[in-house]
Amino acid sequence: MRSLKRLCKMLKKFAYSRIHIVIWFCYLVLLLYSTLTPLSLPPMGIEHEDKFLHLGAFFVLAFIFPWTILYYRQICVFLSLTSIGCIIEILQAILPINRSGDPIDAAADMLGVICGIVAVNLIARNRFSSRI
């Protein structure tokens, strides 16, 4: 039981560390820049490739989010990151950047957030069980 409490303290300390927050914020800025600037890459030829890119980008965003490890805040993490995805899609539809907003992209963002949160939970559970 002591090792579990110690591990929880360690994870919470890391969740609030400045470097973790800076890394997440830099990734968010990179994500916003790449989604809100004109698209210059040619399609890869895979059907619905952008959906996989959305899912992967938001998986990473949720996985490295500083407070995902805190179980009591995971609904807030889900809502805030999903909101970011929806706002990006709305801005893509409104702004003249040669992109179009797509509700299916927003759904892929949401699925990526869910997968990121689940991955953090699985890793945390494995760490807890290996320490006990």
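What we are looking at is a predicted model, in which local features need pLDDT of at least 70 and side-chain atom pairs count only at pLDDT 80 or more, while totals for chains, interfaces and linings use all residues. Residues are numbered from 1 along each chain as its sequence is written, and side-chain values use heavy atoms, with hydrogens and water left out.

Let me begin with the overall fold. The protein chain has five helices and zero strands, where helices (H or I, at least four residues) and strands (E, at least two) are DSSP runs numbered from the N terminus. If we count a contact as heavy atoms within 4.5 Å, then among contacts with a separation of 6 or more, 80% are between residues 24 or more positions apart.

Now to the inside. A nonpolar core here is a set of buried Ala, Val, Leu, Ile, Met, Phe, Trp, Tyr and Cys residues joined through side-chain atoms within 4.5 Å. The largest one has 15 residues, and those touching the most other members are W24, F58, L61, L81, V113 and I117. Two or more residues each come from α2 (18–35), α3 (49–63), α4 (74–94) and α5 (103–131). As for L61, once its neighbours within four places in sequence are set aside, its contacts are W24, Y27, L28, L31 and L81.

Rings of Phe, Tyr and Trp (its six-membered ring) pair if their centres lie within 6.5 Å, and planes under 30 degrees apart count as stacked, over 60 as edge-to-face and the rest as tilted. Because W24 lies in helix α2 and F65 in the loop between α3 and α4, the pair ties together parts that are 41 residues apart in sequence. The other pair, F59 and F63, is stacked, with 5.7 Å from centre to centre and 15° between the planes. These two are four residues apart in helix α3, and are therefore separated by about one helical turn. F59 is partly exposed at 27% relative accessibility, and F63 is partly exposed as well, at 33%.

Let me turn to charge. Side chains of opposite charge can pair when their charged atoms come close. With a salt bridge taken as a side-chain nitrogen of Lys or Arg within 4 Å of a carboxyl oxygen of Asp or Glu, the count comes to three. Where does K51 find its partners? One of them is D50, with the closest N and O atoms 3.1 Å apart. Another is D102, at 2.9 Å from N to O; here K51 sits in helix α3 and D102 in the loop between α4 and α5, 51 residues apart. K51 also forms a salt bridge with D105, again with 2.9 Å between the closest N and O atoms. Since D105 lies in helix α5 and K51 in helix α3, that pair ties together parts 54 residues apart in sequence. Both D105 and K51 are buried, and through shared partners D50, K51, D102 and D105 are joined into one network.

Methods:
Buried means under 20% relative accessible area, exposed over 50%, partly exposed in between (1.4 Å probe, protein chains only).
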